[in-house]
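These are my notes from going through one structure.

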Amino acid sequence: MSLRVVNRGFRSTARFLSKNMSVGETPAKAALCCGDAEGSPPTYAMYEALKDSCQNNASYFQPDDSENGQRLYQGFMTLIDHIDSVWPLVDHVRKVAPLYDFDSKSPGNGYRSFVSVVDSCILHGLKLSRQVCTKRDTLLFRKGYFVKEVESCSQLLASLGTCLHHLQTLLSWGAPGELFPTEPHSPEELFSQADTINQYCFYGRCLGFQFLPSMRGILKGISICMAGFSEAYYSHGNLISSVWTGGQYLIDPEMRARRIVNISHSASVEFCKAFWFLAESEIMKRVPSIMSSTVAVNKLITIPPEPIHMVTNSGAELTVLPPTVHIGLQGLNVTLISASKREGMNDDSSSLPPSDGVLFHCHGGGFVAQSSKSHETYLRDWASKLNMPILSIDYSLAPQAPFPRALEEVYYAYCWMVNNFKLIGTTGKRIVFAGDSAGANLIAGCTLKILTSDLRPPDGLFMAYAPLLISFIPSPARLLCLMDPLLPFGFMMRCLKAYASPNGKGNDDKKSNKELTSSNATTPIEGNGFLKVSPSQEAISESPSSFEEVSPSDLLELQAVVSGSERRRSGDTTASASLRTEHTPTDITPTEDRSQQYVSDFLERYVFDSDTDSDGRRYPVVRPAHASISEAATGIMGAMSSRLAYITGSNDIAGPTRDELAARTNLDALIARSPSDEFIFSVPRDPFLSPYYADDELLKRFPPVRILTVHLDPCLDDCVMFAKKLKGLGNTVGIDVLEGLPHGFLNFSLMANEANEGSKLCVERIKQLFDLDTTKL
């Protein structure tokens, strides 16, 4: 009897909420997802409110005999079914998620993140359902529009339900409090435990639903730009067709979703480099000087490739040689940024004395793209607020300069800086390292190298959304890359391979192109991307207006035709350097990660799909979003070739062969090849590559560390587990986890207020490291 009263009370609350609760644009907060905030409605009631609203709409449209009316009825009923199946799963994860936090003051881990994503989906569905309730009786109510919105929301919730099944598996693999599996497990093992995931729903109408409202427009714009850029990149010379088709991505979410999934899982690393290097264009380079803080000094310094003589902490002499690995002996470019002119910075005299501190910075970009220039959007502001010089390193980029080239250059630049404090306007009394994303990995690895060499270590480390375990080990946060607009799975895989596996590049372009041109494989219209739609989702997908419909927007992708424009390959022109030292760790032996051996099987498992012929018979085909774009297809149309050469720093090479031209007819044709061969590679278990693997004795000597990350970052678990490891060793460490922002948010600090506030928090944490106020850490 009491149970019935409680349930009746919940349903009454839900009905009240569905009519009176204000549903805003802000997504659910991960920090609060595992415990209801004081004064907020019970989480269960939020789910019941959506069910109640859906039932109201379903009852309204059930008598409607029109096609769209019946689809709305079925859509709302399907949403109710998905809510019933998702609730017990998310409730279980909600209860155990706090056990995986760094501490009670810093709630954050991949389990919390997924709970907040599901809650955000519920809020999105509740807002949509209430819109239908409000507008369904009006004269201008658009049934066709809301049919697609409701069906996409239903697909979204179904896919998140599948993710929750995967989280149940991850919970069983790890010990309490451990975000990484205790025993070796592969992604293939994980995805074999439950239905596979439809990724289209994350990149279509619901794109960015889990992020702050200020970020959604930016992320949507980037996705549209990526899709449009791919048209120009792969449609050599067909500018009019590319512009016209690219404009369709603005108004056709389903077309955009298909293109983004295909790109993210099929585009080569050269495409990633070209797209990310758009931030290096002349227009983008001018933005920081116009919108960001004014600086007195912003100059490029080239470090000559000469031996550097150092003195170790024990008084011994150490000669650090310039790097030569992979790309030979080259100069290394660093950028000096300062809000004030200080002694030693310029030839002219300055009245300001040298600063006592200096910030040693490494930029992000997945190890393959960007530079200190593209990160000036926040570096200028940091220089102004810190009032001390910043030295940012333009390390060499993969795949031309894979591991350990970039790390050795960063180490070499640090040694040069220690011997040349006067040239950069500092006494060097305090040195703090800072880096975001790939740059954070490099400064952590550089610190290990410094400690092994017995040189003076930095006084503090600041790391933003850092990848600290470069491996295929599954974790809850890493599943977020299946829905991340900025760091999708395919991009991560190719960047990882380009940087961490130089012996597994797979450069047999000619062979790949011949295979492409001789293959009879076609792209099925109903292909479902990297991860296949589960049976529970197929009923929605089969509707005429769903993601898999055969529409003119689907056929537009088949129209890009190759011209005889000259082919260019990306070549890294960033000035570079490396080191050799007699002090190399003898207790660290790189070994292959066992999980890498499952990669080929994992990808092969999701390669094949089926299509239907005119007689209704099913036949096997290669699913489009799994196949790999030929490494040969790295050019751009002739009218833009010089522009792309500037963006990517390309070097002129011979034009494409006949086979290459035939293979580059369009993106969908290029992705007809399985990527299994491309992803057969291993990542060494090297602490300089994955600082999480470092020996405890070395980690104990780490300076104070401050980590800042975001709840929706695929690298979140890396940051949390690394912070836990340092804390367990007695190190001074602190972590901040921000709400609703994406990986790489610092690059948007001039566009979104919340991103700017996050940048200000970075400055505060860096100041604490300079002052060594460990009570605030």
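I began with helix α11, which spans residues 269-276 and holds both F271 and F275. The two are 4 residues apart, about one turn of the helix. I kept in mind that this is a predicted model.

Next I checked how far F271 and F275 are from solvent. F271 has 0% relative accessibility and counts as buried. F275 is buried too, with a relative accessible area of 8%.

I then followed W276, also in helix α11. Its ring forms an edge-to-face pair with F491, at 5.6 Å centre to centre and 80° between the planes. F491 lies in helix α16 (residues 489-500), so this pair links distant parts of the chain, 215 residues apart. Both W276 and F491 are buried.

I counted ring pairs over the whole structure and got 24 aromatic pairs. F271 and F275 are one of them: their centres are 6.4 Å apart and their planes meet at 5°, so the pair is stacked. I also noted a cluster in which ring pairs link Y60, F61, F141, Y145 and F146.

K449 lies over the face of F688, 4.6 Å from the ring centre. K725 has its charged end over the ring of Y692, 4.6 Å from the centre.

Last, I looked for disulfides and found 0. C362 is buried at 0% relative accessibility, and C446 is buried with a relative accessible area of 0%.

Technical notes. Residues are numbered from 1 along each chain as its sequence is written. This is a predicted model: local features need pLDDT of at least 70, side-chain atom pairs count only at pLDDT 80 or more; totals for chains, interfaces and linings use all residues. Side-chain values use heavy atoms; hydrogens and water are left out. A disulfide is a pair of cysteine sulfur atoms within 2.5 Å. Buried means under 20% relative accessible area, exposed over 50%, partly exposed in between (1.4 Å probe, protein chains only). Rings of Phe, Tyr and Trp (its six-membered ring) pair if their centres lie within 6.5 Å; planes under 30 degrees apart count as stacked, over 60 as edge-to-face and the rest as tilted. A charge sits over a ring if NZ of Lys or CZ of Arg is within 6 Å of the ring centre and within 35 degrees of the ring normal.
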